[in-house]
Structure formats: C-alpha cells, structure tokens
Amino acid sequence: MADYSEHLEDFRAAGADLVAISVDDAARAEPVRQELGIKFPLLCDTRREVVKAYGLLNTAEKGGIAFPATFVIDRERIIRFRALEEVASRVNVDQLLGLVRELGRGGEATTQPRKRGVFPGWMFLSATMNALRRGVRSPSK
Amino acid sequence: MVVTMDERHIPPVGERAPEFALADSTGVVRRLDELVARGIGVVVFYRGHW
C-alpha cells in the first residue's frame with residue numbers, strides 16, 4: 001500500500017484514470033482516503049443510484065451496499081473488461097493475497113474469460129480493491 | 001452467509017457503461033465521461049464501511 005501513488009502514476013501514464021465508488025458518505029470515505037493515502041477519488045453514491053444502475057446493489061447488507069466489482073471503460077464508454085467478486089464474508093489477509101494472485105493470473109475471480117494482460121497493472125488494481133475493503137472493515141473502531 | 005449477485009443486471013463487456021455524476025469525498029463532482037476522456041477509465045465498486 002505504501003507505493004500506491006507510484007503505481008497510480010503508471011496507470012495515468014498508460015492513459016487510465018481511476019475512481020472508486022461506494023455508498024459511503026463523505027464523512028466515512030474521506031478518512032479512509034486519507035488513512036490509506038489514496039490518490040484517486042472516492043465517489044459517494046449515498047443514494048445508491050449508480051450502484052443500482054450497474055446492477056450491483058447488495059440489499060442483503062444493511063441499507064444496501066455495493067457488490068465489489070471493477071469495470072474498465074473506454075473513451076466511448078464501452079465496457080472493455082469486467083470483474084465481479086462475490087466476497088460476502090470477511091476475509092483475512094492471506095485470503096486477500098490469494099485473491100490478488102488469482103486475479104493477477106486471470107483466474108476465476110474474474111467473470112470475463114481470461115483476457116489476461118488486457119490492462120496493465122491488474123495486480124495493482126486488485127490490491128487496491130482489497131486494500132479498500134480491508135481498510136474500511138474495522139467495526140471495532 | 002452467502003450472498004449471490006445477480007449478473008443479469010450488470011452491464012457486460014461490449015455494452016455502454018451507465019453515465020454517472022457523483023461527488024467524491026472532498027465534494028468534487030466526478031463524471032464518467034470525464035473519467036474516460038483520456039482513453040481509459042477504471043471504476044472500482046467497493047463495499048465501504050458497513
């Protein structure tokens with residue numbers, strides 16, 4: 001996580017910009033952004049309209065939250081890659097690492113068939129997603 | 001608990017992504033068409049604090 005910004009620059013150098021979306025409001029998302037040193041925007045879909053539009057509203061969780069998912073979208077707004085992750089329960093660091101490695105190999109955590117190498121930095125992206133999850137799952141705080 | 005997502009409502013590869021305009025955690029409104037303007041936009045949905 002320490003080298004987020006370094007990798008993010010690689011993304012940007014490749015012509016890609018990144019945002020993350022959750023149903024969290026700014027009061028929740030901003031401390032997470034600062035704590036993790038995230039250099040890309042965390043969008044606050046408090047009305048859940050975007051999460052719904054993408055078919056990702058998980059109503060089984062309180063209030064309705066987003067299923068974890070990633071889309072790579074081109075200039076014409078065409079979806080070029082999609083990864084859906086059904087991680088319904090809490091996972092530990094080892095499991096997270098395994099998931100990252102699986103995704104890096106184009107493994108079964110992706111729903112689209114094995115377009116490995118379609119987008120540079122896929123490993124980083126997976127790590128980012130996991131870090132977001134891990135970073136905000138701290139109910140004891 | 002196992003929660004299953006219904007993929008039928010999730011836009012697939014090859015389809016146009018739904019446009020959005022949302023404020024980020026610092027209050028700046030971000031639009032999808034701006035995100036992809038340089039060529040590629042990556043949109044990550046995450047669970048958030050729950």
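Analyst: A residue is buried if 20 or more other C-beta atoms, placed from the backbone, lie within 10 Å of its own, exposed if 12 or fewer, and partly exposed in between. This is a predicted model, where local features need pLDDT of at least 70, side-chain atom pairs count only at pLDDT 80 or more, and totals for chains, interfaces and linings use all residues. Residues are numbered from 1 along each chain as its sequence is written, while chains are lettered from A and ligands numbered from 1 in the order in which they are written.

User: What makes Ala66(A) count as buried?

Analyst: Ala66(A) has 27 C-beta neighbours inside 10 Å; the cut-off is 20 or more, so Ala66(A) is buried. Its place is in strand E4 (residues 65-66) of chain A, strands being DSSP runs of at least two residues and helices runs (H or I) of at least four, numbered from the N terminus.

User: Which residues of chain B does Ala66(A) touch?

Analyst: Phe45(B), Tyr46(B) and Arg47(B), where contact puts C-beta atoms, placed from the backbone, within 7 Å.

User: Why are the buried residues of H2(A) said to be on the same side?

Analyst: In H2(A), residues 26-36, Ala29(A), Val32(A) and Arg33(A) are buried. They cover an arc of only 100 degrees around the axis, so they share one side of H2(A); the arc is that of directions from the helix axis to the C-beta atoms. The face turned away carries exposed Ala27(A), Gln34(A) and Glu35(A).

User: How do you know that E5(A) and E3(B) pair, and in which sense?

Analyst: Pairing needs at least two DSSP bridges between the strands. E5(A) and E3(B), residues 40-45, have six, in the antiparallel sense, so they pair. Ile73(A) stands opposite Gly41(B).

How values were computed. Two residues are in contact if their C-beta atoms, placed from the backbone, lie within 7 Å. Lists of a residue's contacts leave out its neighbours within four places in sequence.
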